[in-house]
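Welcome, and thank you for joining this tour. Please open your viewer, load the model and keep the selection tool at hand.

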Amino acid sequence: IESSIPAPLRDTWKKFAATEFKEKEAFQKEVVKHIETTLARSLYNCDELAAYSGVALAFRDRLIIDWNKTQQAHTLLDQKRVYYLSLEFLMGRTLDNAMLNQQMKDTAVDGISELGFRMEDLIDQEHDAALGNGGLGRLAACFLDSLASLNFPAWGYGLRYRYGIFKQEIIDGYQVEVPDYWLDFNPWEFPRHDITVDIMFYGHVRKYTEEDGRTSHVWEGGEVVQALAYDVPIPGYGTPTTNNLRLWSSKPSTGEFDFQKFNSGDYESSVRDQQRAETISAVLYPNDNIDVGKELRLKQQYFWVAASLYDIVRRFKKSGRAWSDFPEQVAIQLNDTHPTLAIVELQRILIDKEQLDWDDAWNIVTQTFGYTNHTVLPEALEKWSVPLVQNLLPRHLQIIYEINLYFLQTVERRFPKDRDLLRRVSIIEESNPQVIRMAYLAIIGSKKVNGVAELHSDLIKSTIFKDFVTIFGPDKFTNVTNGVTPRRWLHQANPKLSALIAEKLGGYQFLKDLTLLNGLEKWADDKDFQREWMDIKYSNKQRLAKYIKETTGIAVNPHALFDIQVKRIHEYKRQQMNIFGVISRYLALKKMTKAERAKQVQRVSIFGGKAAPGYWMAKTIIRLITAVSEVVNNDIDVGDLLKVVFIEDYNVSKAEFLCPASDLSEHISTAGTEASGTSNMKFVLNGGLIIGTCDGANIEITREIGEDRIFLFGHLAEDVEDLRHAHRYGKTEMDPALREVCDEIQKGTFGDPGIFGGLIHALTDGGDYYLVSDDFASYLATHKLVDEAFKDPQSWANKCIMSVSAMGFFTSDRAIQEYAENIWNLEPVPM
Ligand code: KOT
């Protein structure tokens with residue numbers, strides 16, 4: 001209140017309030033002003049980076065105006081808000097998205113060209129904001145776009161990593177990791193030097209008795225680090241709603257604790273402490289779908305969770321409401337188990353700081369949180385060692401024990417004498433050392449638990465969380481199938497296709513209601529429309545071919561079938577099966593006569609994706625892809641019939657030009673392992689067909705678009721256990737085509753076979769855990785069907801158009817609406 005301008009002066013103030021530019025000249029004036037003043041450059045000294053910066057700053061001003069208004073309106077209305085806690089936000093670039101969401105891109109393109117620049121070149125100057133690993137982080141970014149577009153009062157909370165996901169270079173065929181320092185010029189963030197929170201680690205717990213006889217706990221004597229807020233505006237599409245993403249950065253504390261060291265003259269150790277503080281938000285852990293259990297990662301989690309909760313509680317307390325209102329005003333969504341400590345932290349705040357009774361506090365906590373599970377892979381389920389937590393967060397460990405005790409007591413009462421059940425569902429696993437099962441804590445502390453696609457949500461209920469369905473009943477568990485934002489993944493990535501669709505549907509309303517795409521159905525057989533559609537696909541393929549030529553030197557024919565698999569490299573995603581299939585195709589081509597070859601469909605096999613730096617097998621898969629590409633691309637027998645390309649440093653901005661350029665994309669995980677997948681949705685939305693297993697969202701995509709428009713193959717999730725069992729007991733023989741591929745690798749056709757020993761071993765003595773051999777015949781046969789289908793361009797075009805018309809379900813708007821209704825009980829703010 002003290003910081004606001006006195007009421008009588010506000011009219012003067014409002015007379016000078018910032019305004020948004022609306023037409024070209026006003027935009028140009030803003031750009032030149034920013035280049036000449038904010039950036040201190042001139043028309044004699046303006047390169048593309050300066051011009052990008054000028055445009056970014058001009059649009060940033062517009063965002064800020066809407067953002068301020070939105071935040072004021074939300075504060076005034078004081079409705080329920082949702083807080084999306086995610087360790088990853090894979091935002092990609094901002095400028096293009098900001099221009100499109102504000103529906104000002106055409107004006108800006110025109111305006112900037114009169115100033116001597118091409119907008120594409122400027123957009124290309126921007127560094128990706130790559131604060132995530134893959135699907136989980138990108139989902140968070142799509143959700144932020146939908147929350148703002150649907151006018152929901154929502155905040156994202158994350159960490160402001162100094163280094164995002166590493167940049168991948170391919171050197172001599174191997175992945176090399178290069179640090180991603182992305183902050184030297186970032187116009188999209190605003191440090192809030194007035195918003196800081198002190199966060200404590202280590203120390204001890206002191207128990208004391210209050211005057212009324214109750215025991216209380218103080219956690220004290222630890223090391224203190226400061227969290228500083230950086231805010232990022234999140235504009236909605238075609239609405240002034242601009243939400244806030246708050247990212248915390250760690251700094252040395254300026255509090256009393258550290259002055260002591262300065263004063264006592266221990267300068268060096270004080271500097272070391274400062275560096276240690278900054279280390280917390282220094283780097284994103286580059287692991288997708290794997291838990292490594294490092295202390296610094298636990299520090300990151302607590303630092304971010306504690307700062308966010310402090311902020312959320314502070315905002316709630318300003319409203320002056322009773323604590324019992326908390327769950328009516330606040331919903332907190334946990335993006336996987338990474339923020340699970342928030343459950344413990346809120347309980348701690350309520351009992352230790354706010355003096356609530358345990359039960360009252362616990363009721364509030366368990367009405368506030370929702371937990372989204374993103375994976376069933378055992379190696380990805382977070383477990384923190386008890387000694388580690390004891391040392392870092394002693395009070396939290398006590399509270400976790402207490403939560404577990406009360407939980408086990410209620411289970412015991414309901415299921416007396418089932419000791420094995422108690423052991424199975426205990427938050428504490430009795431291993432050596434003991435570990436905390438974070439997923440169990442998340443379930444017990446949340447109102448709702450959801451999976452991210454139907455099959456996945458069914459699987460968590462029948463496997464990893466089965467006992468909890470028995471205990472809590474089935475209604476606590478629900479499904480929200482993932483979605484992607486059509487603004488970025490259709491309109492921005494594929495402007496020509498978006499324009500063609502808009503022309504047929506009479507406008508761009510489909511970007512706000514994606515089910516309107518079904519209006520395309522009636523054009524699916526129209527020859528002229530098919531030609532326009534396929535011409536756009538061709539020009540997107542040409543753009544990719546040009547990129548491939550420029551970056552790798554490989555010449556690919558844009559008339560060939562472009563077959564793309566881009567995603568994190570992981571054995572469960574089975575890029576190894578794809579490259580084995582490519583080798584098999586290569587061997588088949590080599591055996592053919594010239595006449596036979598002339599009848600084959602030309603193919604370009606495109607791969608891209610990062611391997612976690614410590615994931616040896618994934619790195620070997622990359623090495624095999626690059627080795628095969630070396631051999632195949634230089635074989636004159638093969639020519640344009642087969643090319644193999646590895647795209648370096650796959651990221652969001654590369655996905656934006658890859659998704660529109662596929663004829664076929666691959667989503668071929670072992671059934672039951674890929675929780676959802678989201679690139680499957682992006683590729684189909686851009687008029688590509690997919691080859692895939694019955695896994696994740698592929699199943700629902702099939703249901704929506706029809707099974708004759710998708711190339712499904714392979715075993716089902718329900719078969720997997722038996723198949724693995726058969727491998728373990730040596731009851732299987734390797735698929736003959738796969739045998740041939742392995743023999744060829746071992747002969748040295750693709751270089752020193754020693755390099756690939758691990759891959760072969762995984763298929764043989766390793767027990768073929770991902771069932772490559774079991775699915776291989778079906779995979780190859782299905783690729784033959786793809787070739788046949790591609791030979792009929794009209795029928796192919798019809799399949800693509802019909803598929804796009806049926807993709808309405810996979811917008812992240814629908815997913816967010818489901819969260820709002822079924823999990824958050826959240827209303828949009830009328831604009
Ligand atoms: C797990 C641990 C650390 C980092 C990331 C994960 C992770 C990522 N777990 N699941 N995912 C992916 O999440 C996507 C969004 O829901 C899914 O589409 C995808 O299938 C998951 O693998």
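One definition before we set off: two axes that meet at an angle of 65 to 115 degrees count as roughly perpendicular. Keep in mind, too, that this is a predicted model.

**The whole chain**

Start with everything shown as a cartoon. You are looking at 34 helices and 24 strands. The radius of gyration is 28 Å, close to the 28 Å that the globule rule gives for 831 residues, so the chain is as compact as a globular protein of that length. Buried residues account for 47% of the 831 residues. Of the contacts between residues at least 6 apart in sequence, 77% join residues at least 24 apart.

**A crossing of two helices**

Now select residues 575-591, which form helix 23, and residues 736-747, which form helix 30. How far apart are their axes? The axes lie 9 Å apart, and the helices pack at an angle of about 85°. Helix 23 and helix 30 are therefore roughly perpendicular to each other. To see the contact itself, show the side chains of Phe580, Ile583, Ser584 and Leu587 on helix 23, and those of Ala737, Leu738, Glu740, Val741 and Glu744 on helix 30.

**A helix with a buried side**

Move on to helix 13, residues 358-368, and colour Ala361, Trp362, Ile364, Val365 and Thr368, which are buried. They cover an arc of only 160° around the axis, which puts them on the same side of helix 13.

**An annotated lysine**

Next, select Lys682, where an unreviewed UniProt entry places the feature "modified residue: N6-(pyridoxal phosphate)lysine". Lys682 sits in helix 27, residues 679-685. Is Lys682 buried or exposed? Lys682 counts as buried because it has 30 C-beta neighbours inside 10 Å. Leaving aside residues up to four places away in sequence, Lys682 touches Val484, Trp489 and Cys659.

**A last stop in a loop**

Finish at Asp768, in the loop between helix 31 (757-763) and helix 32 (772-790). Asp768 has 22 C-beta neighbours inside 10 Å, so it counts as buried. Beyond residues up to four places away in sequence, Asp768 touches His727, Ala762, Leu763 and Ser773. Then pick out Leu723: Asp768 and Leu723 are 45 residues apart in sequence, and 9.6 Å apart in space from C-alpha to C-alpha.

Technical notes. Residues numbered from 1 in each chain as written. Predicted model: local features only at pLDDT ≥ 70, side-chain atom pairs only at ≥ 80, totals over all residues. UniProt positions renumbered as here; feature names shortened; annotations may be inferred. Helix = DSSP H or I, 4+ residues; strand = E, 2+ residues; numbered from the N terminus. Buried ≥ 20, exposed ≤ 12 C-beta atoms within 10 Å, placed from the backbone. Contact = placed C-beta atoms within 7 Å. Rg over C-alpha atoms; globule rule 2.2 N^0.38 Å. Arc of directions from axis to C-beta. Axes fitted to C-alpha atoms, helices over the stretch in contact; angles between N-to-C directions. Parallel < 35°, antiparallel > 145°, perpendicular 65-115°, else oblique.
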